[in-house]
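Please keep the sequence and the model open while reading.

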Amino acid sequence: MNATEIILLNFSEIRRRSIKLWQGIPEEHLHWKPDNQAFTIIEMIRHVLEGEHLFHMIIKHRGNLGGYKSPWEGLPYKSINDELQFAETYRNDFINMIKNFDSLDLAQIRIERNEVGQSKILGDYLNRIAYHESVHTGQMLSYLRTINIERPLIWD
């Protein structure tokens with residue numbers, strides 16, 4: 001396996017486990033949140049999906065977002081399946097972009113985010129994106145523990 005294939009496998013496994021977790025959440029709990037400053041469950045799911053698209057655009061433009069406008073802007077919250085369906089095309093575009101990178105790209109392309117003082121090589125940046133979703137998966141598990149909902153086994 002080369003570096004790109006390993007990164008793709010990591011993204012695939014993280015999303016598979018996220019979906020397993022998300023689809024195990026009863027619909028009546030989608031708008032629960034632990035406090036007034038937190039995301040609701042469905043807001044956190046959208047944050048992960050929308051965030052991946054934002055990261056995709058950051059990579060595509062090597063850090064410069066310019067006049068980025070989210071496709072999720074103004075979209076009402078419905079269900080987890082609706083969120084996944086809406087994000088599917090964007091997810092496929094993101095994964096296809098990664099497939100086109102080779103090991104040299106991962107080591108030499110720089111993502112320059114001057115507004116946040118960040119300069120990273122592409123391989124590092126891709127791993128940070130995967131970490132973002134993983135952190136929110138752990139956070140979601142904590143939400144479910146707090147409201148005493150059975151947590152799907154994602155450690156298969």
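Helices (H or I, at least four residues) and strands (E, at least two) are DSSP runs, numbered from the N terminus. The model is predicted, and local features need pLDDT of at least 70, side-chain atom pairs count only at pLDDT 80 or more, and totals for chains, interfaces and linings use all residues. Residues are numbered from 1 along each chain as its sequence is written, and side-chain values use heavy atoms, with hydrogens and water left out.

Lys 69 is found in the loop between helix H2 (41-60) and helix H3 (80-99). Its relative accessibility is 58%, so Lys 69 counts as exposed (over 50%; buried is under 20%, partly exposed in between, with a 1.4 Å probe and protein chains only). Between the C-alpha atoms of Lys 69 and Leu 54 there are 9.2 Å, with 15 residues separating the two along the chain.

Arg 113 belongs to strand E1 (residues 110-113). With 14% relative accessibility, Arg 113 counts as buried. Beyond its neighbours within four places in sequence, Arg 113 is in contact (heavy atoms within 4.5 Å) with Ile 58, Gly 63, Gln 118 and Tyr 125.

Helix H1 (residues 3-22) packs with helix H5 (residues 122-146) at an angle of about 20°, the axes being 10 Å apart. Axes are lines fitted to C-alpha atoms, for helices over the stretch in contact, and angles run from 0 to 180 degrees between N-to-C directions. H1 and H5 are therefore roughly parallel (under 35 degrees) to each other. Among the residues that meet are Phe 11 and Trp 22 in H1, and Leu 126 and Met 140 in H5.

Conventions
Angles under 35 degrees count as roughly parallel, over 145 as roughly antiparallel, 65 to 115 as roughly perpendicular and the rest as oblique.
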